[in-house]
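Subject: Structure for you to look at

Dear colleague,

Here is the structure I said I would pass on. My notes on it follow below.

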Amino acid sequence: MMRHAIFGAALAALAAAPAWAADYTIVAPAAPGGGWDATARTMQEVLQAEGISGSVQVQNVPGAGGTIGLAQFVAGAAGDPTQLIVGGYVMVGAILTNASPVTLADVTPIARLTGEAVGIAVKADSPLQTIGDLVEAMRADPGAVSWAGGSAGGVDHITVGLLAKAAGIDPTKINYIAFSGGGEALAAILGGQVTAGISGVGEFLPQVQAGTMRMLAVSTDVRWPGTDAPTLMESGYDVNVQNWRMVAAAPGLTPEQQAAVAADIERMAGSAGWKAALATRGWADTYLAGEAFAAQLAREIEATTAILKDVGLVQ
Amino acid sequence: MNTFDFLLQGLAVALDPAILLYALIGVTIGTAVGVLPGIGPALTVALLLPVTYGLDPAGSLVMFAGIYYGGMYGGSTTSILLNTPGESASIVTAIEGNRMARAGRGGAALATAAIGSFVAGLLATLALAFLAPHIVKLALVFGPREYFALMVLAFVTVSAAFGDSAMKGLTSLFVGLALALIGIDGLTGQARLSYGVPQLLDGIEVTTLAVAMFAIGEALFVAANRVGADEKVHAIRGSVAMTAQDWARSWKPWLRGTAIGFPIGAMPAGGADIASFLSYGTERKLTRHPEEFGNGAIEGVAGPEAANNAAAAGTLVPLLTLGLPTTATAAIMLAGFQQFGLQPGPLLFATAPKLVWGLIASLLIANIMLLVLNLPLIRLWVKLLTIPRPWLYGGILLFATLGTIGVNPSRAELAMLMIFGVMGYLMRLHGYPIAPVVVGLILGPMAEQQLRRALAIAQGDWTTLVSTPLSAGLIGLAVLALAVPMLLRMRGRGAVLAQVAKDDD
C-alpha cells in the first residue's frame, strides 16, 4: 500500500501542478486541447526555449467561454506581475452573453499574438457553389439554412449574425446550431445534417484539401493562406472578423511592472522560435501591442455588443 | 500495398525497443491515473505534452495511446474493489463488480475486466485497421435525431436496470437530470440555475459528482455505520483466478461489449460511457442468471469493461480518418499530431502511413502489455481489501479530494465535492441507488442538446425524430425494451423481474 500511496501522491502532485517558484504562470481559461490551451503551451515552450523565462507553468481553468478563468484570475492574481492569462475574441462575446461581473477592463491587456480567419464551408456535393448562393438561400428562407458552428455567442455565431445583417437579412431569424468542440460540428457538416458550416479556417483546410468540403468564403479583409476562397468583403458583404488571441497581465500592476511584462512578450513574439511555432500550427502572426491594441480591443467590444444585441443573445 | 502489408510494416516500427519502452511507460502511467479517482487520461496527456517536445513523433504518440488504453482499463480496478469509479465509463462496472468483490470474488471480477479489456482492445484495434473507412461512413450517418434516438435507448436500458424499486431509481435519475440543467445552455449561451456563482456556469463536472457520490458517500456510510470496522474481510474466497464457469459466462459479453463499444466510440457524439451503459443493459436483458444481477453478476462486469475499451479504440477512427477529436483525450492527441506538423484528417493515411500504421500496431502491443502488467497485479490489488477499513477509507478520501482539486483548483469545486458526498451518503442511507444520478448528469445534457438541434434543423417539425430508418429503428428498440418487461409482468412473471431489480445498496 505504501508504494501505491507514494506513487499516487506523486501523480496527484503532478496533476495538481502547484505554483512553485516560477517566472510566469500562464492561465489558459479553457480545457486542455483547445486554442487557448495551445496558445498558452506554445508560449510556455518558447519563453523557456528562448531563455526569456527560467520556468513557466500553465494552469487550465476551463469553463464558460473563459469567463470562469478570467474571474478567478482577477480575484487571485491582482498586483502579481508573474501571472498571465490567455484570451481572445470568444471571451469578448462570452463576457457579454454570460453577463460576467468581471470583464476585460479588469485585466491589463498586453498584446494580441495570433489570429485566424473564420471560414464558411459546405459539403463537397452541396448545390451551393458560392457565398452568394448561400446568402440567397438564406434570404429566401432564413430558417431553412442551418449553420453548424462553435458555441453560442462565439466568433462563429457572431460572424453569421454580421453576414446576415450585411446582406439585409434579419439576424434574429438565422438558424444557428451550436456544437461543442470542432469535431462534432465538422461531423454534422460532413454528414450532410446542416446546410453550411462555420469555423476556424484551419479546421476546414484538411477537409478542403481532401476534396470533402468546399470553402465558400473567409471572414478577414484579406484572403487567407492555404485557400483561394474569396473574402466576404470582396463578395460584397461588409464583414471583417478575425478570431484573435491575446495575452493579458494581472490588474493593479505598476507601470514599471507592466512595461517589464510587455518587453518579455515582445521579445517572445519577435523570436525565431515563436515564428517557427506559429508556422507549425498554422497561426498568423498578428502581434499588436500597447495603445494600438487597447484601441482595437475597445472597438471589438463595441461592435460585438451591437451584433449580440441584434442576434438577440444580449438584452 | 494492402492493409495487411501496412500493418506488418507498422509492427516492424512498433517493435523498435525505444517505441516498446514508450508504450510500456504509457500503459503504466495510464493504469495509474485510471486508478486514481478524478484524474483522467485527458489531463495526463495534456501534462505530458510539453515533456514530449523533444521526443520523436512516433514515440510520444504511442505513449499517449498507451495512456488512453491504460486509463480505460485502470478505471475498473477501484470501481470493483472500492466502489469508487475513477472514470465515468467505469460507473456501471462498480454496480456488479463491487458486489463480486464483497463476496470474495474480486479476483475473478478484475480478471474478467482485464481479459475483457484485452479481447475488446485487440478486436477493436484490428477493426480500426481494417474497417476504419467504412465505420466512419456509418458514424457520419448519425445526426442529431439519430443521437437523440440513441440517448432514448440508453435511458430506457439503463434506468430500467437500477434500484430495488422503480420509484427510487427514477427519483435518482431525475435528481441527476435536474443537476444536469445547471450551467450555460449550449444552444443559446444563456446561464441556467447558476445563481450568479461563476463556477456553476459550466455545470457540474461529471467526475466531481461521481467521485463525491461514490467515494466520499461510501466513506461516510462506512464510517457512520461502522460497517466492517471489526468485520473479517474475505479478500479472496476460493480461487483468485476465473473458474471455468466464469469463462463460460464471460466470453459472450466480451464479444457483445466489443460489438457495442467500437461503433459507439467511433461516433462523434458517442463515447465510452454510453457504450458501457448500453452494454450493461444488454447483458442484463440477455443473462441466464437474472437473479444475480444487482448481487454480483460477472456478465455485468465483462460486458461494460469490454465495451469501454472497444469505444476507446473506436474514438481513434474519426480522429485518424477525419481529424475529428471526439473526446478530450483525442483532442489533446490531435494537438500532439499538430505539434509535429502532422494534420490528422482524410489525408493522414496517405501522407504519413508509417506513423499511422505504427500507431495502430503499437496499440496492439500496448494492449498485450496491459494484460501482462495487470494480470499478475490482481493478487496485489485484492490485498487492498485487507487494509484496515479506517486506513483504506482515509486514503480514499485523501485521493478523491486531491484528484478533484488537482483537476480544478477552486474552493467551489471542493465545496461541491463535499456537498455531493453528503448527498450520496443520505441517498445510500435511504436506499436510493447512486448510479442513476451520474447517468442522468451524463445523458441529460446530451439528450437535450441533440433533441433541440434536431428540432432546430427541422424547424420545429417533431416527425423529424422518426424520419430516418435508423432513428425510427432506435426509438422502436427503446419502446420494445420498455414494453416487453411490462407485458411479461402482466403475464405473471413479475416475481423474476422483482428479483432482477433487487439491489440492497
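Two residues are in contact here if their C-beta atoms, placed from the backbone, lie within 7 Å. On that basis, residues 24 or more positions apart account for 76% of the contacts in chain A with a separation of 6 or more.

This is a predicted model: local features need pLDDT of at least 70 and side-chain atom pairs count only at pLDDT 80 or more, while totals for chains, interfaces and linings use all residues. Residues are numbered from 1 along each chain as its sequence is written, and chains are lettered from A and ligands numbered from 1 in the order in which they are written.

Chain A has 11 helices and 10 strands (DSSP runs numbered from the N terminus: H or I of at least four residues, E of at least two). Of its 315 residues, 53% are buried (20 or more other C-beta atoms within 10 Å of the residue's own, with C-beta atoms placed from the backbone).

Chain A divides into domain 1 (24-115 + 242-311) and domain 2 (116-218); the bounds come from an automatic or database domain assignment. The C-alpha centres of the two domains are 27 Å apart. In chain A, 17 residues of domain 1 are in contact with 15 residues of domain 2. On the domain 1 side, α4 (89-97), β9 (242-249) and α11 (290-311) of chain A each give two or more residues.

In chain B, the axes of α6 (residues 106-141) and α12 (residues 299-322) come within 6 Å and cross at roughly 30° (axes are lines fitted to C-alpha atoms over the stretch in contact, with angles from 0 to 180 degrees between N-to-C directions). α6(B) and α12(B) are therefore roughly parallel (angles under 35 degrees).

Regards

Note on methods
Parallel < 35°, antiparallel > 145°, perpendicular 65-115°, else oblique. Buried ≥ 20, exposed ≤ 12 C-beta atoms within 10 Å, placed from the backbone.
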